[in-house]
Every structure is written in structure tokens, then in C-alpha cells.
Amino acid sequence: MTRTGRFSLARYLPAFVAFLIAAAIWQVVAEHTQSVIPTLGSIASALSANSHELIVDGLDTLQESLVGLAAGFAVAFAAAVAMSQVRILERALMPLAVVVNVTPLVALAPGLAVAFGFGYMPKYIFTAIIVFFPFLVNAGIGLRSVEPEALNVMATLRASRLEVLWRLRLPSSLPFLFAAARVCLPLSIVGAVVAEFTASGNSPGLGVLVLTSAQQSQIGIEFAAIFCLALMGVVYTAVVAVAEHRLLRWHVSARSPRN
Amino acid sequence: MVTIGSDRTAREHAAGGGLLIAHLSKRFGPSDAPVSALEDVSIQVERGRFVAIVGPSGSGKSTLLRIVAGLANADAGSVTIFGESVEDARENKHIGYVPQTPALLPWRTVARNVALPFEVNSAHGPKDVDASATTASRVDAMLQAVGLGNQGRRFPAELSGGMQQRVSIARALIFRPGVLLMDEPFSALDELTREQLRLELLRLFDDQRQTVLFVTHSIAEAVHLADVVVVLSSSPGRVIGEVVVPLARPRAALVETTMAFHDVENEVRAMMREGWKQ
């Protein structure tokens, strides 16, 4: 085995063992409570028997979360840039954003369904609203987290505001945006699923599948859908981690500790 | 170099070039109870001279440099750089600024940090005669000059503090600015690195003969580097006097062990003590 191979094994083995133990506990508990928690075998057979439905519904939920995420990020980032450039905007809008944030946003979902029907629109909007605030706060802090002396160097070169924004503030905000992405990408799945719960009807999506199969006591399908949602979250997290590793090679958080 | 006292001298100087600081005053705090940081400071730096400013904490030496760099406004007085206002000198990229911390952009490689002045305010080009040189070749030559010839592709975080400060100096000099303003650039470094960077700065100065205004709280550093040491009093900062350093160039490390060096050092120290008493 190569040196790298040994290193990888040492690194991943504890997590692998933890997963095995969790699976074993699940299996033991499920054997005794099969009406509430399905065994791993029944989840696996539900996955294979309903694969087409799970993929179709999964793509719907994926679409809702991605569109909501993109919209929420775009609006939050534009607002953060505007606030970083015009101080009075920050003083005006930040309290409003805080009020929106402390409101339990889940309560908005039924109203959105009433206003926008049972299509994709209320799901996009709800997901966008739920990811908006973490992106706004992190982008705002990131755009302000600029070393003052670096701003001074730019000032002595007579850099324009746009140049300072593009060459200094935006790159400085990247670590903060990635921190927000780590929270917001999985959160967007929560947003999409909650929106699906409240506007289910005949509309598609894994959230609807979870709700209807639970109501019909088809717990195998219910947990197969939950498994797909978890898988989506894992993929999101991995994508953020890879992008962060590539784009933030320079940042202290990306460096392995040295002695 | 002389400390000037009249507007007539100021006009003559502006025509001849160099850095002219005339009757500069700066106050901080509320208007009903202001704290004076600088009071009627006048300093003249002739083209190609190295002037160090020393003074105790609170003498306003960094404030003075910030005003010259256009980073702060004076309440009274004026600054002229080669006959231009500070605004015009910044616009034309005549100012090279080396802050106390290296202030490098951590996401850029060393070479791209040094190339930064080419990218911002790009309407104004470099001042040297060799217009055919590419940005990359200029950056390479500049990195060679500061002893970082093979470090261009590394990121700032991979460099030691001394190397980072060399990159900062290279960035300030890449455009061949008229004046180089240095705000205690070596104060965060260990003693040996300071000594080495001091020698490298001396070598660069001998090569390029920039007009330099160097702020420091180290008397030895000021005497080692400068043609003239200007001494400021503690708050408010006033020019107590200036000491001409009669040491020949190029100056080696061993110059610090000579009697002449110690004599100048003692003279500056005595002047600072006098300012402290006032």
C-alpha cells in the first residue's frame, strides 16, 4: 500500500466505522419497531422498486432548490454590494433584513401557496427567502473584511470604487460566501421540501412523496425519499467543499495544519 | 535639504521638483476640544534624497505620511510632489506606498501582487523609458531586484514576514514612482530580518535613487538609511530639527559600528530628548 493510501485509510476509517455502527443500531431498532422505522433492507428494496418515481421527484426538488438558491443568492449579493457601497442603504435595510430573519419563515409557506398556486413558483420564492439572510449577512461581512492597509495601497494608486470592489472586496468576501454556501445549500433543500409540504396537492417532489407515503403508512418509500434528500445534501456539501478547495487555496482555512 | 519657512522658497522648490511639505497642521477630535497631532510641520525632500522621520509615539509621524500619501487631509498647509498636488500625484501614480504590514492580496501570487499597480488606474502607464518591456518582464526584474527571483508563483501565506515585506516594496517600486513613502515598514520583523531588509533597501536606493520619506521609531534605522533625519516632538508633532547624516554611500552593515554612526545617532537622540521635555 502506498503512503498516500495508508494516510487516506487512517483518515476515513473512523467515519466508516461510525457509519457501520449507526447502520447496525438502526437495523436492531428497526427489527423491533417495523411499523415506525423500516429496516435497511426494506429501504433498499423501496429504492429499487420506486427508482423511476424517486428520480423524477428528486429532479423536481433539485430544480426547486437550485432555482431558489440562485435567486436568493443573486438578490442577497446584489443587496450586500449595494450596502457596502452606500452606507445609508445599509443603515436602512439591515434592520429590515434582521426582522425578516427573526420571523419564523416556515409560516410564510402556506400563504405563498395561496398567492402563487401549486406550481413551482411558491417553492422557488420560499427557498429563495430562506437562504437570503445567511447569504446577505456573510456577503456583507465579507465585503467589509478588507485589510485597511490594502485599501490604502489601492487609494495611493487612485483605484476607482469599482476597481476596489472587483479586485479587493469581492475576493476578500469569498471565504465568507463559502461559509454561507455550506449552510445555504443544504438549507435550500429544507426550503424546497417545506414548500412542497404546504402546497402538495398533486404536485411532484420528494417532499410530497414523503408526506403522501407517510400518510399511507408506506414507510419504506417514505424513508427511501428521505434517503434521496440526504444524498442530495451530501452532494451539495461535496460540491461546496471541492469548489472551496480549488478557489480558496490561498486562504488559511484551506491549508493543512503545519508544525 | 532645509526646513523651509517661506512661501517664496516653496514656489522655487515646486518648480525644481522633489517633495515639499509646507506648514502642515492636523487636529483630531471634536471641534470644541481638538487634539493637535501636527503643528506647522515643514519639510523639504530634494529629488533623489532619502529622508527619515523619527519621533516618539504620538508625534504624528504616521499621520504626516498618511497626509503626504493622500490618505488623510490636513487642516492647514500643503503638500507638493514634483510640483503636483497629492491628488494629481496619486492620479499619475507618482506615489509608491509601503505600509507597516505588507498588505498583500492573499489570493494573488507574489508576481500578481507586484503587478497590481499595472491593473488599477491603468490609464496611467509606468514611468521608465523602456516602453517595450512587458508587465511580466518588469515584474520578474523587480522580483530579482528584491531577492525574490524564483518566488513569483508562490502565495503570500507561503512566505516569511520579511519576504512578504520585500514583495510589498517591489509592488511600490514597480511603477518607478517619483516618491516612495514608507510607514515603519520593518517594525513588525525580527531584528536580523530588519537588518537584512535595511541593507537591501540601501542597495535598491543606490540603484534607483528614488525620493524616499521613511517613518520609523528606530534611531539606528533612520541613521543607517537616510541622508537626513528629521526629528519630531511628541504631541503635537513639530519639527525640532534635522540631522544631516555624513556617512558615504554605499553603506555596509558595518557602518553601524563606526564612531561617525554613533555620533549621528547620539545627536538625533539628544534632539529627541529635547523634544520630549518640551
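Author: Terms before anything else: helices (H or I, at least four residues) and strands (E, at least two) are DSSP runs, numbered from the N terminus. This is a predicted model, where local features need pLDDT of at least 70 and side-chain atom pairs count only at pLDDT 80 or more, while totals for chains, interfaces and linings use all residues. Residues are numbered from 1 along each chain as its sequence is written, with chains lettered from A and ligands numbered from 1 in the order in which they are written.

Reader: Okay, how many helices and strands has chain A?

Author: Read along the sequence, chain A goes α-α-α-α-α-α-α-α-α-α. Its C-alpha trace spans about 70 × 60 × 30 Å along the principal axes. The tally for chain A is 10 helices and 0 strands.

Reader: And what share of the residues of chain A count as buried?

Author: Buried here takes 20 or more other C-beta atoms within 10 Å of a residue's own, exposed takes 12 or fewer, and partly exposed is in between, with C-beta atoms placed from the backbone. Of the 259 residues of chain A, the buried share is 36%.

Reader: Is Gly205(A) buried or exposed?

Author: Gly205(A) sits in the loop between helix 8 and helix 9 (206–215) of chain A. Leaving aside neighbours within four places in sequence, Gly205(A) is in contact (C-beta atoms, placed from the backbone, within 7 Å) with Asp57(A), Asp60(A), Thr61(A), Glu64(A) and Glu196(A). Because Gly205(A) has 28 C-beta neighbours inside 10 Å, Gly205(A) counts as buried.

Reader: Helix pairs next: how are helix 2 and helix 10 of chain A oriented to each other?

Author: Axes are lines fitted to C-alpha atoms, for helices over the stretch in contact, and angles run from 0 to 180 degrees between N-to-C directions. The axes of helix 2 (residues 40–49) and helix 10 (residues 219–247) of chain A come within 8 Å and cross at roughly 80 degrees. Angles under 35 degrees count as roughly parallel, over 145 as roughly antiparallel, 65 to 115 as roughly perpendicular and the rest as oblique. So helix 2 of chain A is, relative to helix 10 of chain A, roughly perpendicular.

Reader: Which hand has the crossing of helix 3 and helix 8 of chain A?

Author: Helix 3 (residues 51–85) and helix 8 of chain A pack at about 145 degrees with their axes 8 Å apart. A crossing is left-handed if the near helix is turned anticlockwise from the far one by less than a right angle, and right-handed if clockwise. This crossing is right-handed.

Reader: Which helix of chain A gives the most to the side that touches chain B?

Author: In total, 18 residues of chain A are in contact with 21 residues of chain B. The elements giving two or more residues to the chain A side are helix 7 (148–156) and helix 8 (161–198). With 7 residues, the one giving the most is helix 7 of chain A.

Reader: Last one: why is chain B as compact as a globular protein of that length?

Author: Chain B has 10 helices and 10 strands, and its C-alpha trace spans about 50 × 45 × 35 Å along the principal axes. The globule rule is 2.2 Å times the number of residues to the power 0.38, and the radius of gyration is taken over C-alpha atoms. Chain B is as compact as a globular protein of that length because the rule gives 19 Å for 278 residues, and the radius of gyration of chain B is close to that, at 19 Å.

How values were computed:
Contact = placed C-beta atoms within 7 Å.
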